[in-house]
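I opened this notebook to record what I looked up about how the parts of the assembly meet. The entries follow the order in which I worked.

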Amino acid sequence: MNMIELLTELAVMPLIAFTIGLFMVLMMRKIAAKIQRRVGPPLLQPLYDIVKLYAKKTQNSHGLVHDIGIIMAVGGYIAAETMLPVPGMNGIAAKSGLLALAYVIMIPSLGLALGVGQCANPNGSIGIARALTAMLAYDVPFVIIIFGASWFYGSNNLIDIVAHQQAGGIATWGAAKMPVLAIAALFSMYAMLGKQPFEIYVAPAEIATGPMVEMGGKYLGGLFVMQCFQLFTASAIYVTMFLGGGENWPFFLVKLFAIIAIPMSMAFVFPRYRTEDVLAVVWRWPVLLGLAGVWLVMH
Amino acid sequence: MKLSPTSNLSASLEFLLQEISGLRSQWKSPRRLRVDLQAETLPALIELLKGRAGFVHLSAISCVDWPAQNEFELVYHLWSYEVKVLVMAHIRIPRDPGIYLSIYDLYRPAAFFERDIHEMFGLFFEGSPDMGKFILTEWDGPPPMRKEFDGEAWVMNQFDWQDYQPGWLKDIEAKGGGITTRPEDVRRDKPKPWDEQS
Amino acid sequence: MTSLDLLLILSGLTTLAGFAFGNHRAYPWLAGIVLTAQIVILASMPLPMAAGFGFEMFGHPVGWQMDGFGRFFALITLGAALASVAYTGGEWGERYAAGGKNLRWLHGALAGNVLAMLLLLASGDLIAFFIGWELTSWAGFLLMAQGGERALRAAMRYVPYAMAGAMAVLGGLVLSLTWTGTLDLSQLVMLVPGLANWKLALLLALFGTGFAIKMGLLPVHLWQTPAYAEAPGAATAFLGAISSRMGLFGFGLLLVKLITLTRLADLSFIDGLFSARDLIEWVAALTIVLPTFTALKQNDARYLLAWHGIGQSGYMLLGLVIGDATGSAGGLLHVFNHATYQAALVLSVFAVMHRTGTADLNSMGGLVTRMPLTFLVMLLGIIGLAGLPPMNGFVSKWLIYRSLMIEGRPLLFLMTVLGTLGTILSVYKLIHNTFLGQLRAEHEQIREAPWSMLVPMLALVALAFVTGVAPGLALNYVNEAQAALGLPVMAHTLGGVESPRGSLDMLWIVGVLFAGFGIGALLFYGAGGRSKRIHQLDNYAGGHFLSADVRYQYSDHFYAGLMHRIGPLYRGSFTQMEAALASANDLLASLMQAWYRQAVPALTLLIATVLGLAWMIWR
Amino acid sequence: MSTLKNIPVVSHEKPSGGTGNLLANVFDELMAFCRSRSLFMLHYCTGCGAIELPPAMTSRFDMERLGIQPMVTPRQADILLVTGYVSTKTLKRIILTYEQMNSPKYVIGICSCTVNGGMYWQSYATAKKLNDYLPVDMYIAGCMPRPEAVIHGLRELMENIKKGESDNWRDYYRRYDHYLGNQQRLFGENWQTPTDIIGEARHYDLMGPETLGPHTALLEQHQTPLKPFEMTLGLADLPVRKDEPR
């Protein structure tokens, strides 16, 4: 793994993540349309949206921290992508384990929180307060699952985890070995995506899309790019931990899209939980399942 | 033809109304009674109806502008859940001082009705909690619902109009579409309907 | 005259100089130079270094000796003192003196604290340790009491705690003397583990209470928040950074060196199910979570940070007590990391107070355009406090998480992560209501904090960032401390930990992070068009025309949703417990007083005769 | 009274031929294509015509297949649909919302009331010609046009955008004085929105000959200035002079 090869990987992995993320956003909007008996957007619609937003001629900024917030939102995920092993490319997964990845994923949302803070818009501040409460909610089960997984695989290194799972085909998959943890992980990943039932911080009718209230043009474009990365990262982590990671690209892609399709197909039929109910639901079922899974794994 | 009241409750209402002097009542339908009285005796009537006949619901106060007789006509719509009769009390106020007393102490909602009438007709109600601007916050012209205010003339000098390009109209008409009366004929210098009457 | 003597003499001289001419303009430069000299001496001192002087007490030699563990703490103390002196010496000190307060006492107390702590950290035997312990308590009291009327009340509340702690330590000292016959630490290390279980439990209870009070562990933590928050400016930074870590130094000595973790695990209450070690671990874990979520509700920036100081000490004790290489390294490294960003955060809050005159989060907002450097300091400080890359707080917390994972302690792991998430929520509220959001009309003209305050803050935060990117620098000293304590030493590289089961290389992580930010900036400034700065009133408010007199930035009930769920849990049970304790003392005292004052002489005579008769019959 | 067609629209985007510009040309074509294919419609019901928009968005007519999504705040939106009668109170909010939108932005006047007053032409409380106060790109007449008409209008607008003809938003900057004059005529002299249009015109060099005029001068007098807070390092310079105000 000489330096040039590593540098190319660091450049290519975010690009791949972005394109997969684009098609995931497309799939999400198509599923939503099909559920509502609509035709749904054309194939390249997410790309058109992002290009149009970046092609805006006038944009409003509330200050330097507002700009840095968007830069951190996009840059944080670009860094997180390089830590996620994909078939053929491991990036710097060896140097940072599952736990560090969980923390690097928090940086984009905190960068965004700072950026929205400076917009001096009450909708934004309320949205951020709710988003951080939701993060507090879904990170507790997520961390329990990380504990269970790294205890079961005996290592925090994602490459080892993938190798461990691919040793014996589907039988040694994380989901096969730790079914309870896999379900809890699915639940907490669902909450992490911030889609319908857990969408209190982007409540369009209530607080005018919360944090995104003052984001226009390239600011909103940056958040659309971040959404693509977020979808890819959430499903890639789940696949790496429980579905045996990526042996080869087609198989990996099928798993990625299958996992992300589950929450999406359930999302658009739900109304929206209040903030304290998000805490109640996510701290009850996924945490109990997670602790039960961890107990099973450890004994 | 005097429509006779059906239930004995309405009969007792009839007896009750005799206490107010100079009051003419007329049944418009079994449950709708029109009452015409002097402006000074209106509070007494309301107290009477509210106290003795359960008229607890003031549904609206409406105002009619009679420029010819130089008077405002105020109509108080009162409703009783026991007697199940709607009383419409009509009084006449002279236009020029345009002042009458408020019945806010009897019915809380009257504040809004009076404020609305003040804004639209310029009729001032003494004792009403707030006679400020109500709906027309952007309007500082004369009270717009008075008959002598010519809305159309004001519109004519305040706004200007989109001129229709005959070009695109021609090809629509060529395809058989288009409008029957031309917009110019509808608008300018046409006699107002209410002028002929008085 | 060994270098340890030189160290102690120098700090003694600075204390005298502080009391003598602390308000002179040259004093801060002098004190700064001396402190830097002390740091250099200490860093270059070959260990273990015995002090030249010593004396005899009741036939036991009392001497001072600096080892790796003491040096680690001493370096942090000197560093925190240097930052505090530099901060107090500048424009802040001038306004403090102009406000009628005594600057000489402040500088003297600060230097006195350093002297007391050095004596404590270099103690060779239990008597020296007790002398150092008492001096530190009293110097701490002196520093806390100078902040004005509320500070004095908080300091007076600290006195009974401190005295109770001192008596407990003295009791422990006497017991260990009677049981082992010696007070010298090197011999105690051999003899104490051999004692019986109940003796060890009693020693643990006595010493443990004293150290817990100083460190602010859960049941006895109530005194620390008002005392540390109300202290004047840089004194709070010094206290918050290092003063309560002396309790951890004591715990390190007691738990790891004297009683040793294995014997600690044998002291079990419920026959092997719940040992003393589990108890300490759970007290530490609760100390992480409960103060952090109390900090979440605070509306004064100083109190919020003081509560976080208590919360973070839970991490250190938990790391220490887990005892494996990564855990103890994480705990000890967290002492250093916390000192750097806590001091920086407190100094930035006082810089904001210097300009706006208030620390109340409800009456501030939008100061980022007026005090950008102070914002940068607070931003990096809260990233460190929350334990996120690229700051050093992340490395030490990662080590603690990693050790909890290896040791297989899911519930403790859950508590630590809950603490981190709570910290993220409360620090965002801090920076949002101070620097972001709506700028008030009266704050539109204020200026950035003066350089004399900015330089120490930026230096602290730069240190935190550098040790975050290259934790190896700080881990060398941590390894020294581990070796001195007899704990397994953790192998580390410059970037972090290298191990097959999960390694951390901060150089790469931070490098990739900043590369990502670079690409994000490129995408943002390159691909996007030009953007224009707009006024804060040019904002979307549902078609409403905003005006400057409308205030919509408040810190009360900032996390309304969260508080709906966990609000009822805030019952103030510890305050009630403290009040109950206090009233029990009052009752006892009044009874004693009545008996002593012979309020009812006949009654005492009667009781005496009855007892005498009973004794006669019984015998 | 200017007709729609003869408003002098000076557009920069049509440079003459040549290889260097070929690439620029292709780039602009791509931008125009993406702009036409992805329109964010502002979820702001100004009048009665807005009831026709939900059916146009939901399963029967589904605007999303044209790439049109409803967005909640003006910052995120491209099209402002002014539906139904425009009362003077609502017109203030419409102008505020229009100025808060990021350009290139488009205004579609749905219902006849925005064209020439519609059935409220006599009313003292409604603005008659939306075009006086905002540059309007497309009118969809009808006293509430059916969803098919709305979608037809939107398709028409998408075609114009693709061809690059829909640049009326520049007109608001170029002839701001004309629009401000009409607004002041209706709302009085001290009418002011928090958005600094003249500052924006200078910043994005969209100034035209008629941007400044008598009305903008009137605005300068009555305006309470809203200068954005620049991040200042107002540091006390070293060493601190005694006479400096603390």
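Entry 1, chain pairs. I began with chain B and chain C and found that they do not touch, their nearest C-alpha atoms being 14 Å apart. The model is a predicted one, and I read every value below as computed from that prediction. I then checked chain A against chain B: no contact joins them, and their closest C-alpha atoms lie 26 Å apart. Four pairs of chains do touch, and among these I noted the most contacts between chains A and C.

Entry 2, chain D against chain C. I looked up this interface from both sides and found 25 residues of chain D in contact with 20 residues of chain C. On the chain D side, helix 3 (88-100) and helix 9 (197-203) each supply at least two residues. Helix 3 of chain D gives the most to that side, with four residues.

Which residue ranges does the domain assignment give for chain D? I recorded 41-166 for domain 1 and 167-223 for domain 2. The centres of the two domains of chain D, taken over C-alpha atoms, are separated by 22 Å. Their contact takes 16 residues from domain 1 of chain D and 13 residues from domain 2 of chain D. On the domain 1 side, helix 3 and helix 5 (130-133) of chain D each supply at least two residues. The largest share of that side, six residues, comes from helix 3 of chain D. By class, I listed seven nonpolar, four polar and five charged residues for the side of domain 1 that touches domain 2.

I examined helix 16 (residues 325-356) and helix 21 (residues 472-485) of chain C, whose axes come within 9 Å and cross at roughly 120°. Helix 16 and helix 21 of chain C are therefore oblique to each other. I recorded the crossing of helix 16 of chain C past helix 21 of chain C as right-handed. From helix 16, Ser328(C), Ala329(C), Leu332(C), Leu333(C) and Phe336(C) meet Ala474(C), Leu475(C), Val478(C), Ala481(C) and Gln482(C) of helix 21. I classed the residues of this contact as eight nonpolar, two polar and no charged.

Definitions and conventions:
Residues are numbered from 1 along each chain as its sequence is written. Chains are lettered from A and ligands numbered from 1 in the order in which they are written. This is a predicted model: local features need pLDDT of at least 70, side-chain atom pairs count only at pLDDT 80 or more; totals for chains, interfaces and linings use all residues. Two residues are in contact if their C-beta atoms, placed from the backbone, lie within 7 Å. Axes are lines fitted to C-alpha atoms, for helices over the stretch in contact, and angles run from 0 to 180 degrees between N-to-C directions. Angles under 35 degrees count as roughly parallel, over 145 as roughly antiparallel, 65 to 115 as roughly perpendicular and the rest as oblique. A crossing is left-handed if the near helix is turned anticlockwise from the far one by less than a right angle, and right-handed if clockwise. Ala, Val, Leu, Ile, Met, Phe, Trp, Tyr, Cys and Pro count as nonpolar, Asp, Glu, Lys and Arg as charged, and the others, Gly among them, as polar. Domain bounds come from an automatic or database domain assignment.
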